[in-house]
Amino acid sequence: QVQLVESGGGLVQAGGSLRLSCAASGSTFSNYSMGWFRRAPGKEREFVAAISWTAGSTVYEHSVKGRFTISRDTAKKTVYLQMNSLKPEDTALYYCAAVQDPLLSGTYYWYREYDYWGQGTQVTVSS
């Protein structure tokens with residue numbers, strides 16, 4: 001139904017910026033929202049941000065609020081995560097995912113709610 005491919009990860013110095021992209025295909029997204037999760041070594045998968053595909057409303061995990069911005073380009077069927085003021089603790093494998101929660105009304109912050117996942121893109125922030 002939905003295929004997701006992340007890109008844009010890499011190595012960046014603390015305080016720097018990085019922009020992740022997630023290209024979607026295989027479906028219209030009227031019934032979905034898109035989210036970003038991350039997993040650092042030895043830690044659980046953590047919710048980062050989500051966006052309603054149709055409404056454009058956004059939600060953020062507290063630790064990234066004000067630093068990260070999630071957005072989407074409906075024509076390109078792509079969701080972005082602009083990451084500014086990066087910290088070493090942001091180092092993780094970042095995944096995009098799709099959830100059947102079009103208005104972000106449910107437990108979108110819980111990774112088990114998501115139906116489709118990309119392969120992940122590594123973000124490493126040096127001190």
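Me: Which residues have the most contacts inside the largest nonpolar core?
Reply: Trp36, Leu81, Met83 and Tyr94 do, in a core of 29 residues. A nonpolar core is a set of buried Ala, Val, Leu, Ile, Met, Phe, Trp, Tyr and Cys residues joined through side-chain atoms within 4.5 Å. The model is predicted: local features need pLDDT of at least 70, side-chain atom pairs count only at pLDDT 80 or more, and totals for chains, interfaces and linings use all residues. Residues are numbered from 1 along each chain as its sequence is written, and side-chain values use heavy atoms, with hydrogens and water left out.

Me: What does Met83 touch, beyond residues up to four places away in sequence?
Reply: Gly16, Ser17, Leu18, Leu20, Arg67, Phe68, Tyr94 and Val123. Contact means heavy atoms within 4.5 Å.

Me: How many residues are in the other core, apart from the largest one?
Reply: It has 10 residues, among them Ala50, Val99, Tyr108 and Tyr111.

Me: Why is Val79 called buried?
Reply: Its relative accessible area is 1%. Buried means under 20%, exposed over 50%, and partly exposed in between (1.4 Å probe, protein chains only). So Val79 counts as buried. Val79 lies in strand S8. Leaving out residues up to four places away, Val79 touches Leu20, Ser21, Cys22, Met34, Trp36, Ile51, Ile70, Ser71 and Arg72.

Me: In what order do the strands of the open sheet stand?
Reply: The order is S1-S3-S8-S7, and the pairing is antiparallel. Two strands pair if DSSP finds at least two bridges between them.

Me: What makes S1 and S7 edge strands?
Reply: S1 (3-7) and S7 (68-73) each have a single partner strand, so one side of each has no neighbour in the sheet.

Me: How do you know that S1 and S3 pair; how many bridges join them?
Reply: S1 and S3 (residues 18-25) share 5 bridges in the antiparallel sense. Among the partners, Val5 bridges to Ala23 in S3.

Me: Which strands does S11 join, and in what sense?
Reply: S2 (residues 10-13) is joined to S11 by 4 bridges, running parallel. S9 is joined to S11 by 3 bridges, running antiparallel. Val12 stands opposite Val125 in S11, and Tyr94 has Thr121 as its bridge partner there.

Me: Which residues of S11 are on its covered face, and which on its uncovered one?
Reply: Thr121, Val123 and Val125 make up the covered face, while Gln122, Thr124 and Ser126 make up the uncovered one. In a regular strand, side chains alternate between the two faces of the sheet.

Me: What makes the meeting of Ser33 and Asp101 a polar contact?
Reply: A polar side-chain atom of Ser33 lies 2.6 Å from the backbone oxygen of Asp101. A polar contact is a pair of N or O atoms within 3.5 Å; within protein, one must be able to donate a hydrogen and the other to accept it, and residues adjacent in sequence count only if both atoms are side-chain atoms. Ser33 lies in strand S4. Ser33 counts as buried, at 0% relative accessibility.

Me: Why is the pair of Phe37 and Phe47 called edge-to-face?
Reply: Their ring centres are 5.6 Å apart and their planes stand at 75°. Rings of Phe, Tyr and Trp (its six-membered ring) pair if their centres lie within 6.5 Å; planes under 30 degrees apart count as stacked, over 60 as edge-to-face and the rest as tilted. So this pair is edge-to-face. Phe37 is in S4 and Phe47 in S5, 10 residues apart. Phe37 is buried at 1%, and Phe47 at 9%.

Me: Which residues form one aromatic cluster?
Reply: Phe37, Phe47, Tyr95, Tyr108, Tyr109, Tyr114 and Trp117. The structure holds 9 aromatic pairs.

Me: Is Ser85 buried, partly exposed or exposed, and what is its relative accessible area?
Reply: The value is 42%, so Ser85 is partly exposed. Ser85 sits in the loop between S8 and S9. Its phi is near 50°, a positive value in a residue other than glycine.

Me: Why is Leu104 called buried?
Reply: Its relative accessible area is 11%, so Leu104 counts as buried. Leu104 lies in the loop between S9 and S10 (114-117). Its phi is positive, about 55°, although it is not a glycine.

Methods:
Helix = DSSP H or I, 4+ residues; strand = E, 2+ residues; numbered from the N terminus.
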